[in-house]
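Please check them against the coordinates.

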Amino acid sequence: MTALQDRFANMALLIDEACALLDARGIVIAANDKMFALLGHQIAEYPMERFIRHEGFVEALRAARDQALVSELTYSRTDKLRREFHLRLAPFEETHVLVVIVDDTDTVSVNRIRSDFVANVSHELRSPLSVLSGFIETLRDGADAEPETRGKFLTIMQSEAERMQRLVDDLLSLSRVEAIEHRTPNDKVDVYTIMQQTVDAFSAQSLAKKMSFQWQLEDALCADELIVLGNADELRQVFQNLIENAIRYGDADSEIELAFSLEDTAPLNLLRVQVINQGPTIDSHDIARLTERFYRVDSGRARQMGGTGLGLAIVKHIINRHRGRLRITSTAGKTSFSVSLRRNI
Ligand SMILES: Nc1ncnc2c1ncn2[C@@H]1O[C@H](COP(=O)(O)OP(=O)(O)OP(=O)(O)O)[C@@H](O)[C@H]1O
Ligand SMILES: [Mg+2]
């Protein structure tokens, strides 16, 4: 190793990013593990420009070598996933150039998620707000309108106000569970009773769609064994949303299965609770995105049914906090949401 490569190796120890040393011809004469992991071991002894597809790279290299200028370029690569980087080039000793590549993907995607989120919330609030202000205007202009018409308008206004209320409640719940996601709740919770109470609470909705519930307990299980570790209010919220979804999106006149079974894969003792409904099969592409905030498969239809698209995002966060698992499958007209929770044994 030359003295120069030695100096680079020492300096690279201090840098937490991918870095490489290029000679006057732009050939990689040294690099750290991170750089090799990013661009591959084949970069050694080859011109770096072959591995960086960026029109400004050669120019920046020249500026660093000939004019001792530091340059910065933004750069993205797609291997399996698209990743965003920024590249910094600086002169090193007489004729050499140091290249550092910083991975910005997480910052870029956090910023994108944040701005998408704000855009989504604004969009969701805008439509009930414009309906409300439209009706307020109409009522004010026609203060002498028939009581029947006024009543009709007020009913619509109330339902729009309730939609906004639901949205705000869901947003608050989501931020509450997110804030405490790293703390695992450990109370003993009887999920079977929670499910029974939830089914009772939704009996008007299920009756209206002529749906019935079919309970299935795996052979060896008795109801009082169905105790898990967690937080009762949060688990109630999970099953309320799953049962509400099964009723809302399932076929009228069909059955909803509620199945309990054990999933004893050591060292974990889990209880699996499945909510299975009949209805349109969900595409695998949509399944992968269901737990994203505001994601709805048929967004016009789901919105009409009163959904905000936040329910499953809340479910996922609650289950994460419980160190549990959520699995969603949908085949041949049957959709299953399966929740596995730690058992109290
Ligand atoms: N059992 C199901 N069958 C078919 N599609 C479903 C089912 N559950 C959820 N979905 C789809 O997933 C989307 C997201 O569900 P989620 O519970 O997050 O939101 P929502 O029900 O629209 O609103 P919210 O739960 O906030 O009132 C729904 O809009 C619907 O398109
Ligand atoms: Mg829902």
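A residue counts as near a molecule if its C-beta atom, placed from the backbone, lies within 6 Å of that molecule. The structure is a predicted model.

1. Ligand 1 has 21 residues around it, and those that come nearest are Arg296, Ala302, Gly307, Gly311 and Leu312. By class, this shell holds 9 nonpolar, 9 polar and 3 charged residues.

2. Helix H8 (232-249) and H11 each contribute at least two residues to the shell around ligand 1. The most comes from H8, which supplies 4 residues.

3. Helix H11 (residues 311-321) also packs against helix H5 (residues 147-179), with the axes 9 Å apart and at an angle of about 20°. Angles under 35 degrees count as roughly parallel, and H5 and H11 are therefore roughly parallel to each other. Their crossing is left-handed.

4. On the H5 side, the contact with H11 is made by Asp170, Ser173, Leu174, Val177 and Glu178; on the H11 side, by Ala313, Ile314, His317, Ile318 and Arg321. The contact comprises 5 nonpolar, 2 polar and 3 charged residues.

5. Five strands form an open sheet of mixed pairing, in the order S7-S9-S10-S12-S11. Strands S7 (212-217) and S11 (325-331) are the edges, each pairing on one side only. From one strand to the next, the twist averages 15°.

6. S11 pairs with strand S12 (residues 334-342) in the antiparallel sense, over 7 bridges. Arg327 is placed opposite Ser338 of S12.

7. H8 packs on this sheet and touches strands S9 (255-263), S10 (270-278) and S12, its direction making about 20° with that of S10. H8 is also the helix that gives the most residues to the ligand 1 shell.

Technical notes
Residues are numbered from 1 along each chain as its sequence is written. Chains are lettered from A and ligands numbered from 1 in the order in which they are written. This is a predicted model: local features need pLDDT of at least 70, side-chain atom pairs count only at pLDDT 80 or more; totals for chains, interfaces and linings use all residues. Axes are lines fitted to C-alpha atoms, for helices over the stretch in contact, and angles run from 0 to 180 degrees between N-to-C directions. Angles under 35 degrees count as roughly parallel, over 145 as roughly antiparallel, 65 to 115 as roughly perpendicular and the rest as oblique. A crossing is left-handed if the near helix is turned anticlockwise from the far one by less than a right angle, and right-handed if clockwise. Two residues are in contact if their C-beta atoms, placed from the backbone, lie within 7 Å. Ala, Val, Leu, Ile, Met, Phe, Trp, Tyr, Cys and Pro count as nonpolar, Asp, Glu, Lys and Arg as charged, and the others, Gly among them, as polar. Two strands pair if DSSP finds at least two bridges between them.
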